[in-house]
Amino acid sequence: MRWIVYSLLIINVGLLAYFLTTPGNTDGFTPNDANQGEGKTLVLLSEQRSGDLPVSQQPVRVSNNTKLCYALGPYFDDISARVAQARSLELGLTGLIAQHKVPNLKDAEFWVHIPPLASRGEAMALLRKLQSKAVDSYIITQGDLTDGISLGLFRQRSSADGLQKKVNQLGFGEVAIREVGSTSTEFWVEVREISKLDETTRRRVKAEDKDVQWQMVSCRHQPADV
């Protein structure tokens, strides 16, 4: 029996030595591998308006088919944007100009109106009543307010509020105010070679231009291959 005990002891020692000297399977993975190659991305200023943010400030959402660019802007005239574009071209970069339409809140106006009635006949009848009370008005014939009645367009909100109150007191039903405005054009200089745009290069392209900044965006001009 003693030799059996010695044999089992020798086998256990051998197994222990085997497991201590055999390396585990790590597959070469380290905790930081999943984040390698990730860099910081910027969000556009303007989409700096989500819902209420303009397109230029929206976060960049990247899909497999999306190419990213650096964009410098906004410029509010084509000439200034083209001068910045020329500086990028002198540095061997691909500078393309992208245009964005944005609301021009400074030119907003306030449209006082009566919402659409059930028919053109009802609108005509109400129009005659308004005009008999010396209220300047006309029927709206197109758009989402067709068969409504326009009462006036004002640059000052206080003037629109005043007319709304006056017509309400005459007993002509609901009077609404819609804010309307024009749009302005923003110009952005897009550069595709994001790996070449280090801080020094970005500074050289921007030069002394005021009130513009670099943003990481989805390329407006999507290249087939960069």
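Me: Which residues does isoleucine 149 touch, leaving out those up to four places away in sequence?
Reply: Keep in mind that this is a predicted model. Isoleucine 149 is among the residues with the most contacts inside the largest nonpolar core. Leaving out residues up to four places away in sequence, it touches Val112, His113, Ile114, Ala123, Leu126, Leu127, Leu130, Ser137, Tyr138 and Ile140.

Me: And which element gives the most to the largest nonpolar core?
Reply: That core has 17 residues. Strand 3 (109–114), helix 3 (120–132), strand 5 (149–154) and helix 4 (157–169) each give two or more residues to it. The one that gives the most, with four residues, is helix 3.

Me: Okay, what is the order of the strands in the open sheet of four?
Reply: Let's start from the edges: strand 4 and strand 6 (176–180) each pair on one side only. Strand 4 pairs with strand 5 in the antiparallel sense, over two bridges. The whole order reads 4-5-3-6.

Me: Which residue in strand 5 is the bridge partner of isoleucine 139?
Reply: Strand 5 and strand 4 (138–139) pair over two bridges. The partner of isoleucine 139 is isoleucine 149.

Me: Is aspartate 147 buried or exposed?
Reply: Aspartate 147 is found in the loop between strand 4 and strand 5. Its relative accessible area is 15%, and the cut-off for buried is under 20%. So aspartate 147 is buried.

Me: What joins the side chains of aspartate 147 and arginine 120?
Reply: Arg120 is one of the residues that aspartate 147 touches, along with Pro115 and Ser119. The two side chains are joined by a polar contact of 2.4 Å.

Key: Residues numbered from 1 in each chain as written. Predicted model: local features only at pLDDT ≥ 70, side-chain atom pairs only at ≥ 80, totals over all residues. Heavy atoms only, no water. Core = buried A, V, L, I, M, F, W, Y, C linked by side-chain atoms within 4.5 Å. Buried < 20%, exposed > 50% of the residue type's maximum accessible area, 1.4 Å probe, protein only. Contact = heavy atoms within 4.5 Å. Polar contact = N/O pair within 3.5 Å; in protein donor to acceptor, adjacent residues only side chain to side chain. Pairing = 2+ DSSP bridges.
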